[in-house]
Amino acid sequence: MIAYIEPYFLDNESDAASVLNVTGKSSDGVSESLNIQGEILCGGAAADIAGKDFGGMNCVKPLAVVRPLGPEDIAGAVRAALSSDKLTVAARGNGHSINGQSMAEGGLVVDMRSTAENHFEVGFLAGDGGGGTAFVDVSGGALWENVLKRCVSEYGLAPRSWTDYLGLTVGGTLSNAGVSGQAFRYGPQTSNVTELDVVTGNGDVVTCSEMENSELFFSVLGGLGQFGIITRARVLLQQAPDMVRWIRIVYAEFDEFTRDAEWLVSQKDESSFDYVEGFVFVNGDDPVNGWPTVPLHPDQDFDPTRLPQSSGSVLYCLELALHYRDSDSNSSVDKRVERLIGRLRFDDGLRFEVDLPYVDFLLRVKRSEEIAKVNGTWETPHPWLNLFVSKRDIGDFEQKVFKELVKNGVGGPMLVYPLLRSRYYGCVGDGVRLQPSLRLASYWERVVSES
């Protein structure tokens, strides 16, 4: 989560410490003059962790890490910054920012994870006949993976729109957008929220929605933390499926890949897959960038002899998922899949699929995280670049970027898939600032073609 409230800069640590001069619950007798009830940690392991992020390209030490008990503690940290012309404050979720946005050099880092359990309540929006759409109120510091597990296990429900990796906080992704393979149908996560509690840059705790304090609501969603810190979100839910048929199909030709992807996302809900993404990979046996990244199970092999002789330096994979219930017969699931797959023009013999529980599918990147932590790559720098590319320009982009600039791979995924502009309420073109970094990086994560 990114939440720089004001661009203050420290001259020295003692100036900042003067703002935090009342004894209380802290690691070294330092507390905050605005009555923070949670922990305040100065130095040590907490400061070391708060001085880094997943991007691994910046490292700065904060004066203190605040572990709030609730919104009033967060507001207290913000007001502390306002009382000084040199103190910064930043909210930190799970530290998954890329370029130091969740850091505060010599300032206050608010560790939102301490508030993760503050909210969890399922309800229903008012509707005809007393019913309505299900929702869950969750803390801005809650991890999406925990929201998923609890919603499914306790209620058989789940949020509608996700990110690929769920080890992120609710407030963190809502401050950006939250995009994955469900976004073509439901929009990003920012389009699936009806109400927020926010700590503003003035240190006020405000409830906002489309009807109440709407300017703040639409500014905070996708606003990169520049308009406030999300402490609670009301997230729309749907019935959770039991199982997923997960499929990958390979294309040698980019035009056919994009044509099929755009056709799938333009279909009515019941006439398409439930998840549509895609990625670019190297036409070679590189274990990080090439053929081995495509199969979904250890028993599956990529057979390059099935590729046409016209194949170039890179190939394209369309990744699909179909939800179904335990009560659905195998034949009915197969029929639904084949009805859609039969219209697609992928390369024959390069189709991979597995069936797995819905929760396992959504947590698929978690397994990659565990492997990366074991082999040490999780701690290496992870620069990336997100871009929205118009349908008009995606062909030229493919020629100049995929086939020239990154034809040998980037040491990580290159995701590319279509999204419908009409689904991006509260994100693109609605006054809310979605500002992908334009920093050229060695790791390109998501390029999106709008249709």
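Trainee: Which residues line the second largest cavity?

Mentor: Happy to start there, and bear in mind that this is a predicted model. The search of the whole structure turns up four cavities of 30 Å³ or more, and the second largest cavity holds about 40 Å³ of space. Its lining is made by G70, P71, I74, M112, T115, N118, H119 and T231.

Trainee: How many residues of that lining are charged?

Mentor: Sort the lining of the second largest cavity by class and you get three nonpolar and five polar residues. For charged residues, the count is none.

Trainee: Now the second largest pocket: which element gives the most residues to its lining?

Mentor: This pocket has about 490 Å³ of space, and 22 residues line it, with D53, F54, R92, W378 and E379 closest to its centre. By class, the lining has five nonpolar, seven polar and 10 charged residues. The elements giving two or more residues are α2 (44–50) and α11 (364–375). The one that gives the most, with three residues, is α11.

Trainee: How far apart in space are I98 and P381, C-alpha to C-alpha?

Mentor: In sequence, 283 residues separate I98 and P381. In space, C-alpha to C-alpha, the distance is 8.8 Å.

Trainee: What share of the chain's contacts with a separation of 6 or more joins residues 24 or more positions apart?

Mentor: The protein chain has 12 helices and 17 strands, and buried residues make up 55% of its 451 residues. Among contacts with a separation of 6 or more, the share from residues 24 or more positions apart is 74%.

Trainee: Which residues does L196 touch?

Mentor: Leave out residues up to four places away in sequence, as the list does. What remains for L196 is L174, V206, T207, C208, F217, V220, L221, I230, R232 and A233.

Trainee: Why do the buried residues of α12 lie on the same side of that helix?

Mentor: In α12 (residues 394–405), the buried residues are I394, F397, E398, V401 and F402. They lie on the same side of α12 because they cover an arc of only 105° around the axis. An α-helix has 3.6 residues a turn, so residues three or four places apart point the same way. On the other side of α12, the exposed residues are K400 and E404, and the arc that answers your question is 105°.

Trainee: One more: is Q238 buried or exposed?

Mentor: Q238 lies in strand β10 (residues 229–239). Beyond residues up to four places away in sequence, Q238 touches G156, L157, A158, P159, R160 and Y186. Its relative accessible area is 18%, and the cut-off is under 20%, so Q238 is buried.

Key. Residues are numbered from 1 along each chain as its sequence is written. This is a predicted model: local features need pLDDT of at least 70, side-chain atom pairs count only at pLDDT 80 or more; totals for chains, interfaces and linings use all residues. Side-chain values use heavy atoms; hydrogens and water are left out. Contact means heavy atoms within 4.5 Å. Buried means under 20% relative accessible area, exposed over 50%, partly exposed in between (1.4 Å probe, protein chains only). Helices (H or I, at least four residues) and strands (E, at least two) are DSSP runs, numbered from the N terminus. The arc is that of the directions from the helix axis to the C-beta atoms. On a 1 Å grid over the protein atoms alone, a cavity is a set of points where a 1.4 Å probe fits but cannot get out, and a pocket is an open set with protein on both sides within 12 Å along at least five of seven lines; lining residues have an atom within 4 Å of a point. Grid points are joined across faces, edges and corners, and a volume is the space filled by probe spheres set on the points. Ala, Val, Leu, Ile, Met, Phe, Trp, Tyr, Cys and Pro count as nonpolar, Asp, Glu, Lys and Arg as charged, and the others, Gly among them, as polar.
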